[in-house]
Amino acid sequence: MNEALNKISNLKIVPVVVLEDAENAHPLAEALVAGGLPCAEVTFRTNAALESIKAMSKAPELLLGAGTVLTIDTVKAAMDAGASFIVSPGFNPKVVGYCVENNIPITPGISNPTDIEMALEFGLEVVKFFPAEAMGGVKTLKAISAPYNKLKFMPTGGISASNIMDYLSLPFVIACGGSWMVKGDLINNKNFTEIKNLTAEAVSLVNNN
């Protein structure tokens, strides 16, 4: 695996962030780092995403990714803004191909064997199982991963403190994406102390089980 994915594998959790206001980006980065989880996937679900990535990239210890990346132009913008890895909700061959050709770490979303075989064609080692819980959770992931023993997964979607260990206990899961420690209302209300506390609890959970 590349350096970014190795770091993610060690951290075990990728906080999936939706930022409505870029002013909250830097204090959020500080809260994640203080909570012991120096990682974030900033999703392109809002107009503030690009400026938020720029702001969070000023925290040098933070492993910063861009999520909900749907186009090559967004890949370019995200990387120029300071992102280190790319995540997409589905499997777009153009986006994946561009990232592979330019040595940009990408974890595209998959939900079935056809998606997985496309990922293998591009030489990917890790894919995102999304939306994990809605697609059947651990049971489905076990079933669709069985024929592909060289591929690793990062389940995202419906992951919480109550079920993350069900996924992380699987040998082919390197990490999970989750947003319970970075919920929108906490960010919008600037409750960064609570974000830090929830982050620390999440880190303790995945490291002590």
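This is a predicted model: local features need pLDDT of at least 70, side-chain atom pairs count only at pLDDT 80 or more; totals for chains, interfaces and linings use all residues.
The protein has 10 helices and eight strands. Its radius of gyration is 16 Å, close to the 17 Å that the globule rule gives for 209 residues, so the chain is as compact as a globular protein of that length.

**Overall build**

- Taken along the principal axes, the C-alpha atoms fill a box of roughly 45 × 40 × 25 Å.
- Of the 209 residues, 51% count as buried.
- If you look at contacts with a separation of 6 or more, 59% of them come from residues 24 or more positions apart.
- The accessible surface comes to about 9,300 Å², and carbon and sulfur atoms hold 49% of that.
- On the charge side, there are 15 positive and 20 negative side chains, and the centres of the two sets lie 4 Å apart.

**The sheet**

- All eight strands sit in an open sheet with parallel pairing, in the order E7-E6-E5-E4-E3-E2-E1-E8.
- Strand E7 (152-153) and strand E8 (176-178) are at the edges with a single partner strand each, so one side of each has no neighbour in the sheet.
- Strand E2 (residues 39-43) pairs with E3 in the parallel sense, over five bridges.

**Leu64, a residue in E3**

- Leu64 belongs to strand E3 (residues 63-67).
- Is Leu64 buried or exposed? Its relative accessibility is 2%, and buried means under 20%, so Leu64 counts as buried.
- Leaving out residues up to four places away in sequence, Leu64 touches Ala40, Val42, Ile53, Met56, Ser57, Gly82, Ala83, Ser84 and Phe85.
- Ile53 is 11 residues from Leu64 along the chain, and their C-alpha atoms are separated by 7.6 Å.

- Phe130 and Pro131 are joined by a cis peptide bond, with omega at about -10°.
- Pro131 is found in the loop between strand E6 (126-129) and helix H7 (137-145).
- Lys12 is not a glycine, yet it has a positive phi of about 75°.
- You'll find Lys12 in the loop between helix H1 (3-11) and strand E1 (13-17).
- With a relative accessible area of 26%, Lys12 is partly exposed.
- Lys190 is another non-glycine with a positive phi, in this case about 55°.
- The loop that holds Lys190 lies between helix H9 (184-188) and helix H10 (192-207).
- Lys190 has 46% relative accessibility, so this residue counts as partly exposed too.

Notes: Residues are numbered from 1 along each chain as its sequence is written. Side-chain values use heavy atoms; hydrogens and water are left out. Helices (H or I, at least four residues) and strands (E, at least two) are DSSP runs, numbered from the N terminus. The radius of gyration is taken over C-alpha atoms; the globule rule is 2.2 Å times the number of residues to the power 0.38. Buried means under 20% relative accessible area, exposed over 50%, partly exposed in between (1.4 Å probe, protein chains only). Contact means heavy atoms within 4.5 Å. Accessible areas come from the Shrake-Rupley method with a 1.4 Å probe; for residues, only the protein chains shown count as cover. Lys and Arg count as positive and Asp and Glu as negative; His and the chain ends are not counted. The place of a charge is taken as NZ of Lys, CZ of Arg, CG of Asp or CD of Glu. Two strands pair if DSSP finds at least two bridges between them.
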